[in-house]
Amino acid sequence: MKQTTIGGNKRKAANFLAVAGLIIIFLVYMFPFIMVVINSLKQKRDIIKSPFSWLYTIKGLSFDNFVKAYTQMDFLNAFKNSLIVTVSATVLVTLLAAMLAYYIVRHNNGVSKLTFALMVASMIIPFQAIMIPLVSIYGGTLDILNHRTTLIFMHTGFSMAMSVFMFHGFIKGNVPMALEEAAYIDGCTHSQTFFKIVLPLLKPIISTMVILNSMAFWNDFLLPSLVLSDKKLLTLPLSTYSFYGTYSADYGTIMAGLLLCVAPILILYVALQKQIIGGVVAGAVMIHKKRTDMSSFCVSSPHKFIDHVQYAVFIV
C-alpha cells in the first residue's frame with residue numbers, strides 16, 4: 001500500500017511537471033503572436049515608445065490600423081489571388097501525388113523504384129540553389145513569368161516530392177490490397193478502384209497534406225516575389241510589403257496586415273484539425289503495430305524480422 005501511494009505521488013508530480021513544461025513552451029511560442037495582436041491595436045508612436053506594454057497602459061487603442069491595412073494592401077484583390085493560387089496548387093498536388101504514390105506502391109518495378117528514389121533525393125536540393133536559373137529560364141527564355149498559372153505550376157512541382165513521400169507511406173501501411181482485389185472482382189477498372197475505393201481511405205493523410213501545403217502556398221513570399229510583379233496579381237504576403245518605406249515603416253499597419261493574412265489559414269486549420277490529428281494518429285498506430293509485431297517474426301521468419309528492423313531504423 002505504501003509503495004502504491006509513493007508511486008501515485010511520483011506520477012502526480014511527473015504529470016504536474018509535464019503540464020507546467022507544456023504551458024511554458026506554449027507561452028513561449030504564443031508570445032510573438034500575442035505581441036503582434038496587441039501592437040496591431042496601437043498607434044505608431046505607442047509601438048515605438050513601448051512595444052512590449054499591454055493594452056491597458058495605452059490610451060490610443062483603435063482599429064484604424066486594420067482599416068488602413070485593408071485599404072492600402074487592396075485586401076480583396078490580394079485575397080482573391082492568394083485563394084486562386086493556393087486552392088489550385090493544393091488540389092493539383094493532392095490529386096497528382098496520391099495517384100503517383102498509389103502507382104509506385106502497387107507497381108513494384110524498376111521504374112517505380114527509380115522514380116520514387118529520384119523524388120526523395122530531390123528534397124535535399126534547396127530552392128535557393130535553383131532560384132536564379134528558374135527565373136532566367138522562365139522569364140528570359142520562355143517569357144511566362146508574371147502569370148498566376150506559372151506560379152501554380154511551380155508550387156505544384158516543388159511540393160510533389162514531399163507529398164508523394166507522405167502518400168506513399170500511408171498507402172503502403174494503411175490501404176489493404178484485399179479491398180482493391182474485391183473491387184476488381186466486382187468489375188471496377190483501375191481508375192474506378194482508385195477514386196471509389198482507395199481515395200476515400202486517404203482522407204486522414206489528404207487532410208494533413210492539404211493543411212501543410214495550403215500553409216506553405218499561402219504564406220510563401222520568395223517564389224511569388226520572383227514570379228509576380230504586376231500589382232493586380234500580388235498575393236497577400238507580397239501586398240504587405242507595401243507598408244515598408246525607404247526610411248521608415250508603419251509597424252501598426254504591418255502587424256494588422258499580417259493578422260489579415262494569417263486569419264484565413266488559421267480558420268482552415270481549425271476546421272481540419274480533427275482530420276490532421278487523425279492522420280498523425282493513423283501513422284503512429286502503423287508504427288506501433290510494426291514495432292510490437294517484430295518479436296513474433298524473430299523466430300518464425302528471419303527475413304521478415306530483418307525487414308521490420310530496417311523499417312524501425314528508418315522511422316527512428
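Student: Where does Asp-74 lie?
Tutor: Asp-74 sits in the loop between α3 (64–72) and α4. Bear in mind that we are looking at a predicted model.

Student: Okay, and what is its phi, given that Asp-74 is not a glycine?
Tutor: Asp-74 has a positive phi of about 50 degrees. That is worth a look because most residues other than glycine have a negative phi.

Student: Which residue with a positive phi follows α6?
Tutor: That would be Asp-143, with a phi near 55 degrees.

Student: Let's stay with α6. How many residues has it, and how far does it reach?
Tutor: Helix α6 covers residues 127–141, which is 15 residues. From its first C-alpha to its last it reaches 20 Å, close to the 21 Å expected at 1.5 Å a residue.

Student: Where is the kink in α6 centred?
Tutor: On Pro-133, and the kink is about 30 degrees.

Student: Which residues of α6 are buried, and what do they pack against?
Tutor: Phe-127, Met-131, Leu-134 and Tyr-138 are buried. The buried residues of α6 pack against α7 and α11 (222–227). As for the spacing, an α-helix has 3.6 residues a turn, so residues three or four places apart point the same way.

Student: And α7, where does that bend?
Tutor: At Met-160, by about 45 degrees.

Student: New topic! What's in the largest nonpolar core?
Tutor: This core has 23 residues, and those touching the most other members are Val-164, Phe-167, Ile-171, Val-198, Leu-202 and Ile-205. At least two residues each come from α4 (75–106), α5 (110–122), α7 (148–174), α9 (190–201) and α10. A second, separate core has 18 residues, including Ala-89, Leu-223, Val-227 and Leu-233.

Student: What does Ile-205 contact, leaving aside neighbours within four places in sequence?
Tutor: Ile-205 is in contact with Met-166, Phe-167 and Phe-170.

Student: Now Ser-214: which helix is it in, and is it buried or exposed?
Tutor: Ser-214 is in helix α10 (residues 203–219). Ser-214 counts as buried because its relative accessibility is 4%.

Student: What does the side chain of Ser-214 reach?
Tutor: It reaches the backbone oxygen of Val-210, at 2.5 Å. Beyond four places in sequence, Ser-214 is in contact with Thr-86, Thr-90, Met-209, Ile-265 and Leu-268.

Student: One more residue: where is Leu-236, and what does it touch?
Tutor: Leu-236 is in helix α12 (residues 236–239), and at 0% relative accessibility it counts as buried. Not counting residues up to four places away in sequence, Leu-236 touches Met-73, Phe-75, Ala-78, Phe-79, Ser-82, Trp-218 and Cys-261.

Student: Zooming out, how many helices and strands are there?
Tutor: The protein has 15 helices and zero strands. Of its 316 residues, 34% count as buried.

Conventions. Residues are numbered from 1 along each chain as its sequence is written. This is a predicted model: local features need pLDDT of at least 70, side-chain atom pairs count only at pLDDT 80 or more; totals for chains, interfaces and linings use all residues. Side-chain values use heavy atoms; hydrogens and water are left out. Helices (H or I, at least four residues) and strands (E, at least two) are DSSP runs, numbered from the N terminus. Buried means under 20% relative accessible area, exposed over 50%, partly exposed in between (1.4 Å probe, protein chains only). A polar contact is a pair of N or O atoms within 3.5 Å; within protein, one must be able to donate a hydrogen and the other to accept it, and residues adjacent in sequence count only if both atoms are side-chain atoms. Contact means heavy atoms within 4.5 Å. A nonpolar core is a set of buried Ala, Val, Leu, Ile, Met, Phe, Trp, Tyr and Cys residues joined through side-chain atoms within 4.5 Å. The bend at a residue is the angle between axes fitted to the seven residues ending there and the seven starting there. The expected span of a helix is 1.5 Å times one less than its number of residues.
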